[in-house]
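Subject: Structure handover

Hello,

I am passing this structure on to you. Please open it first, then read my notes below.

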Amino acid sequence: MISQFFVLSQRGDNIVFRDYRGEVPKGSAEIFFRKVKFWKGDEQDDAPPVFNVDGVNYIHVKVAGLLFVATTRVNVSPSLVLELLQRIARVTKDYLGVLNEESLRKNFVLVYELLDEVIDFGYPQTTSTEALKSYVFNEPIVVDAARLPPLGPASMFMQGTKRMPGTAVTKSVVANEPGGRKREEIFVDIIEKISVTFSSSGYILTSEIDGTIQMKSYLTGNPEIRLALNEDLSIGRTGASVYDYNSSSGGVVILDDCNFHESVHLDSFDVDRTLTLVPPDGEFAVMNYRMTQEFKPPFRINALIEEAGALKAEVILKIRADFAPTVTANTIAVSMPLPAYTTRVSYELESGAVGQTTDFKESNKKIEWNLKKIVGGSEHTLRAKLTFFQESHGNITREAGPVSMSFTIPMYNASRLQVRYLQIAKKSKSYNPYRWVRYVTQSNSYVARL
Amino acid sequence: MSGHDSKYFSTTKKGEIPELKEELNSQYKDSQDSNPLIRALAVRTMGCIRVDKITEYLCDPLQRCLKDDDPYVRKTASICVAKLYDINAELVEDRGFLDTLKDLISDNNPMVVANAVAALAEIQENSHMPIFEITSHTLSKLLTALNECTEWGQVFILDALSRYKAADAREAENIVERVTPRLQHANCAVVLSAVKMILQQMELITSTDVVRNLCKKMSPPLVTLLSAEPETQYVVLRNINLIVQRRPTILAHEIKVFFCKYNDPIYVKMEKLEIMIKLASDRNIDQVLLEFKEYATEVDVDFVRKAVRAIGRCAIKLERAAERCISVLLELIKIKVNYVVQEAIIVIKDIFRRYPNTYESIIATLCESLDTLDEPEAKASMIWIIGEYAERIDNADELLESFLETFREEPALVQLQLLTAIVKLFLKKPTEGPQQMIQAVLNHATVETDNPDLRDRAYIYWRLLSSDPEAAKDVVLAEKPVISDDSNQLDPSLLDELLANIATLSSVFHKPPDAFVSRAKSAVSRPDDDYPDGAESGYSELPAQMSDSVPAPTSSSGVSQASTRQPAPAPAAPVPDLLGDLIGMDNALVPTDQPTTNSGPPLPVVLPSSTGQGLQISAQLIRRDGQIFYSMLFENNSQLTLDGFMIQFNKNTFGLAHAGQLQVPQLPPGSTARTLLPMVAFQNLSPGPPSSLLQVAVKNNQQPVCYFTDKILLNVFFSEDGRMERANFLETWKSLPDSNEIAKDLPGAVIHSIDATIERLAATNVFFIAKRRRTNEEVLYLSVKAARGIPFLIEVTTVLGTPGVKCAIKTPNPEMAPLFFEAMESLLR
């Protein structure tokens, strides 16, 4: 099992270090950091998450800009270690509210206490915040979340819409509110990451949705909860090809595959698509799902690059938002690699453009176009004039692109998977906790080829 | 709260025994505390005191805690048994803790079950005795526990069960049925361990329907794992790589999920590419090619190269798609991005080998890029193509001549290829131009080079051409075997072993566990040891797949590399005396100034290029003029120019260390360099019994440190002043007690002639004293003075001409005897 666990900052500082078995030499953290930092001699390539140096196996994940690392000498299950590292990060975040170098340093007594309960002699014991509460007694020292960049998937709710009680998700699940009583509330977030690849002619080559129903409960007494999904939800695609888009599925949501948290009871799931669970404290994924069924992509990208005389070319980028005008996407970034011999780019934004910025960096030869927000139904265009220092080799479209796009769309979900209702077993008539059901769609790999 | 104190005790103190006893007393009391938390903390803490003397104190509380009412105490105690076993295995067995642990598998608390299984599995791994054998009884117990267990416990159970061999297909099916629901688990480790278990049992299942059904069931969960964090994706991809080699049907229809996303980390992209090649079929090749073409225009150079190579590999794999693949490659060549062109030429050469006389029409296009080539492998490939098709390329002689101008500066790979290509050209077009070229190239290759490979090959051609040009044609222009696809390149037995290790590190590294697992706890206890025991030198750059993706050729080009060293079918018999023959036969042809740097017998290879990332090192300790040298030969088979070589020796019995700097010039790819490194002894002594082990670390500016081990033969320490007078010899012999006399048979040694042997031994500072005959045996008396003036008096008894020499020695330092015999045997071989 694992020998050591440690957390390093981006600069390689040792923030947390715990040795469970004393079989790996002490200098392992430095050896690890040097290896990761200069993988293949440069700082560009990411080191693979699992590697071996001198008989010591190093397994690591990056969470919130920190490196969570485990070492071992034996032939362990690497996915178990990776999962464990992710869970440690999550439990720590549950306890500290925010996960970063400062919060870890301020709370090191608590963190070491947690680590002693989470792992014994290198074996994972429990990673459930709920279960840990009975054995961990130190109180977290809360770090001021407001001045720190928020982290984790739920942080996306902090931008834009004011309805979201953003700070709630960065509060510790164990710390009491300054006012004394805890606020009774529960968050259910439907987070979807979508990947779409458009061909040069605008057809969808591949599309996929990775979704998660995430829950974070601050309810006292852990009441039972019922979560109802689309009644006509179906799971597992029939037929030979998963990518057979011709199957006219109507309004039915078809998931390719899904899995559930261990606290979820699926007794009535087959009947009426409801999930019953007693949510443990802390943030956890109630359900993960994957869908390759055809869906309407939120953005259409239209990109054109054309030579315009000797050593010159013009790029036209058009983005159309294919969703309802009541919905607004935010923090949109569009980027397009240009031919390596591009020296200068001059941009021309549409008239009256607000909150749009453009950039071209000599070092990476990319058009970078950032838009603060895009309202549903609108269309935005960017023109760019390129100057080259040499002739193109003939086919300029092969030397530029593809266009990639990143964005966040709150209150929108591409899969149409819905939480029909969220029911909390009532303790008394006056018991009426806050329920937040939130949807958000994020880009994963959103690409249009030229 | 004393429970809290004890908690920090385990992390802070590992101190003195008296202190410990005191602490233990308080721990002992704690272990009977009414608060279960404190009882558990006490037993956990006691397990952390890794002192053998203390273990007795631990037994009673541990016994009690294993049967505690509180599950938290029991689960902590279960792990404590594993801790105790690590310190004192016998005690654990004697006190019956193992049986208690086995009972805990049926505990009603999931965490207790998980820890009991984990502890038993670890104990079994460190024991040679069957402690935790999976019988059909434990099997059913564990399968029941699987449903009750924590997620981590499920992984422990599945991994423990994967060692179980089902009795028949029915039992296998039953097991699979119980395990299949685990595929739906949210924990990636559970899913992957379940997949391992199912794959394992599938081997026994005979019904094709059941197998097909299982394949179908495994596919969606495997794909879902690819939505996890990139780190997990990487592990899953490495595993899928193995799985599809055995059961391609599982993911045959899912090739799209392996298409690279633009934001995938490079290590994920590389793995996806590999799997795409494996899953490419006539059905999906158009889609796949479209993807590869797209990747070939991306920014990351390594990834682009791999994508280009992937197109070539698909062409070789899928005959019907070859033409489409080639047209994509040609399209890419037209972009004129330098590294794309070079990579394309390398794979096209392989395609020509796979489909001879089919696609030669594209040679003209390839020739257009001739002058942009600057990488050795690409140059060599292009030259091979020109030589192979010299008769169809009008200006082949001009093209080769242009390469010939820079012959001296080219790396060995290119030189060898150019030599062969010009010979081919000459055989195909024996006109004046090629004839001059061949004179020039043979002259360069025999006179002006230090590279023995090149020189030998040149001599072989020379002799062939001068003695029998028709035979030369048969040899050089012989039809080459057609290469085949290599995308399933793992050796079947290795694949079997790796598949049995799915969901472990072994399946990520694609190496069997014993290649990288070393339970060397001693590595920590000896802080001055620079080299942890058993550290495999070559695995520091794991995974191999990643590191060899660029420089080292994949095995398809490995095949063509073999073709590079071409005249394999050269007549074997005349080769040994070829040189002498040549000299006698035609003096005009023979260069008079033989390069002297290559004298001496070949050095043994100590670091093969497979573990040295293309750097091969051959080395041996030698003694010359009373001084010890490390004679080294560096061969750079990588794609990088290597420089800044440094060397370091670990502590060793003789304290050998380098006396000067390692003088190795810059090594371009394909070149070699020899050096003599002066050594000093008794600088760097390691304590302990004498050992001949010499651990060496070499590094350069381009590659990470590589380690290798060499053997110190005692004879390098035999000093020139070791000769003894007869009287002195007898006196010393008598003065040494009989316990200092050691004898050994050296089965590998043989003496043919006494006089020749005496002379040879004298050259290595083993001095002759006297000889006598005993019936048919010869007895020799010899003397040696080894390191620091230690005398060795030697009596050698043998029958002339028959292998096997009896060697008896007397010395004040008998502990050196094994090393001495080793040296003696090598001298008399």
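Strand 19 of chain A runs antiparallel to strand 24 (residues 403–410) of chain A, and four bridges join them. Strands pair here if DSSP finds at least two bridges between them. Strands (E, at least two residues) and helices (H or I, at least four) are DSSP runs, numbered from the N terminus. One bridge in this pair links A:Val334 to A:Met405 in strand 24.

Strand 19 (residues 328–337) also pairs with strand 22 (residues 366–375) of chain A, again antiparallel, over nine bridges. There, A:Ile332 stands opposite A:Leu371 of strand 22.

Before you go further: this is a predicted model, in which local features need pLDDT of at least 70, side-chain atom pairs count only at pLDDT 80 or more, and totals for chains, interfaces and linings use all residues. Residues are numbered from 1 along each chain as its sequence is written, while chains are lettered from A and ligands numbered from 1 in the order in which they are written.

Confidence in chain A

pLDDT is the predictor's confidence in each residue, from 0 to 100. Chain A averages 85, and 87% of its residues score at least 70. Two stretches need care. Residues 146–168 of chain A stay under 50, with 34 contacts beyond four places in sequence in the model. Residues 239–249 of chain A also stay under 50, with 13 such contacts. Two residues are in contact if their C-beta atoms, placed from the backbone, lie within 7 Å.

Chain A as a whole

Chain A has seven helices and 26 strands. Of its 450 residues, 45% are buried, that is, with 20 or more other C-beta atoms (placed from the backbone) within 10 Å of their own. The domain assignment, which is automatic or from a database, gives domain 1 (4–132), domain 2 (184–296 + 412–448) and domain 3 (299–410). The C-alpha centres of domains 1 and 3 of chain A lie 39 Å apart.

Where the chains meet

How many residues of chain A are in contact with chain B? There are 63, and they touch 74 residues of chain B. Helix 2 (residues 78–96) gives the most to the chain A side, with six residues.

In chain B, look at helix 14 (residues 230–246). Of its 17 residues, 14 are buried.

Best wishes

Notes: Buried ≥ 20, exposed ≤ 12 C-beta atoms within 10 Å, placed from the backbone. Expected span 1.5 Å × (residues − 1).
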